[in-house]
Amino acid sequence: MWLLLIVVVIAGLWMVGAYNGLISLKNQTVNAFKQIDVQLKRRHDLIPNLVNAVKGAMNFERSTLEAVVQARNQAVKVNASGPEAMKQISQAENALSGALTRLLAVVERYPDLKATGNIGQLQEELTSTENRIAFARQLYNDTATQYNTKQQQFPTTLVAGIANAAPADLWEIEEQAERAVPQVDLSGR
Amino acid sequence: MTSPDGNLFQQQEANRRRTTWLVIGFVLFFAWLGFGGDFLWALEGRHPFPWLGVILTVVAIIGVRYAYKTGPQKVLWATGAHELIDPQTDAERQLINVVDEMAIAAGVPRPRIWVVPDDDPNAFATGHDPTDAHLAVTQGLLKLCSRDELQGVIAHELGHVKNLDVRLMTTLAALVGAVLLVRDGMGRMMRGGIPIKGGGGGGSRKGKDGGPLLAVLLALWIVSWIIAPLVTQLLAFAVSRRREYLADAMSAQFTRNPLALASALEKIEAAAAPTTSIKRGAAHLCIADPLGRRFTSREGWLADTFATHPPMSMRISRLKGMGYAQLKKEGGLTV
């Protein structure tokens, strides 16, 4: 009788611990996702200024700049919700990343351009902006992976239902254009 | 990916616990110094109330509180660092950006950024926890490192911040400083001729009625006073070595680029001139031993006892191992 009681108490304590662990990871995952949003928003706000700053110096690469502006406007417009939201956002943002990377590659190709005015600063800002987003995604993916692993592993999986834990989607780079970007850089030299 | 992060919670817990024990040990040590002195005095039939013990214990408690609270400021002040708020040069702008990026990668708030006017490359972090953290780099580091290398170094420091190494190490630095201060003060007092330890007169009386016990106690007590600074130094050494490997691993986790940190460490190692603006008390906080001690480049018990940092070559080869594993994995994916 006593033995049974002890077993029940221990099982109960373990369940509380596992449940709280899952909830904590879930909230971390949600928070990490919000951080990506913050960084994307920052990029959206930054791009008009950046483009204005280089417009004068870059008459010859109009199309690259226009592609950036267009991709940015597309990305701002995405206002989806529900299960499809993440896919749509990530598609639009990946397109914008691709356009920005091409712009960086162009700036990289003209050393004279780098020397003029604030192009060097622009380059640093662009690099940093892209890095911030990449690192925010990395943190989200790491946290989400931890969360997913935890809720699937035995024995935590037993309380996953009570904690309302569902696998979080990972942020993936699907865009072919973005994967191909480094080649642009190589052929330019 | 999971190795450093999986036991992050245990790391933080351990650091909290060790800080507490450090503080308790410090107070107990001073209590021993004080009450031990009172005991010796009482054996000689002097004053009945243990003034020395009470005073020293109270001083130690106040001192510890003060050291804990002001530790970060004291460390930064001692290195002559100035805070970077309004960036003027490209290098400073880049530093702020890199710290921002790595704070995002580590998932901690951005620490305050300080620059140490020293041409030798080095960096350290200080503070109590991630919400109250300071990150300092020397001007030499900004000059020497590429963007990627800077990222690696900053990520290493944020690793210390995230697992609360900074709390333990900063408290230790402040206590080492306090002990050195007390030691110097005592030395001056004794040289000034105030006979705290009952030197001349007490000696003859002790020979008559105290016996060997008193002599042993007296010797022990004096030795305690002398070795106090040494003990805190040894603590500083022991506390920091293993942490450097762990912070290197966390840096690799945040940047996914262990080779950049390896090459930064190589550069720092090559510019092995001592970092003159970083004093002995804060050496264990830095990414590379600022004193350029020879112990640091070796393994063995001597190095284990006296070096604040593991051998640079070991750290570099571990990082390169991580980088190689990563390359192999990525290569396997594309093929």
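Q: What makes up the secondary structure of chain B?
A: In this predicted model, chain B has eleven helices and four strands.

Q: What share of the residues in chain B is buried?
A: Of its 335 residues, 41% are buried.

Q: Where do residues joined by contacts in chain B lie in sequence?
A: Take the contacts between residues at least 6 apart in sequence. Of these, 72% join residues at least 24 apart.

Q: How many residues of chain A and chain B are in contact?
A: 14 residues of chain A meet ten of chain B. Each contact has C-beta atoms within 7 Å. On chain A, α1 (2-55) and α5 (119-152) each supply at least two residues to the side that touches chain B. α5(A) gives the most, with eleven. By kind, that side of chain A has four nonpolar, seven polar and three charged residues.

Q: Why does the span of helix α2 of chain A agree with its 16 residues?
A: At 1.5 Å a residue, residues 62-77 should span 22 Å. The end C-alpha atoms are 23 Å apart, so the two values agree.

Q: Which residues of α2(A) are buried, and what puts them on the same side?
A: Val68(A), Ala71(A), Arg72(A) and Ala75(A) are buried. They cover an arc of only 105° around the axis, so they share one side of α2(A). These buried residues pack against α1 and α3 (85-109) of chain A.

Q: Which residues are exposed on the other side of α2(A)?
A: Arg62(A), Ser63(A), Glu66(A) and Lys77(A) are exposed there.

Methods:
Residues numbered from 1 in each chain as written. Chains lettered and ligands numbered in written order. Predicted model: local features only at pLDDT ≥ 70, side-chain atom pairs only at ≥ 80, totals over all residues. Contact = placed C-beta atoms within 7 Å. Nonpolar A, V, L, I, M, F, W, Y, C, P; charged D, E, K, R; others polar. Buried ≥ 20, exposed ≤ 12 C-beta atoms within 10 Å, placed from the backbone. Expected span 1.5 Å × (residues − 1). Arc of directions from axis to C-beta.
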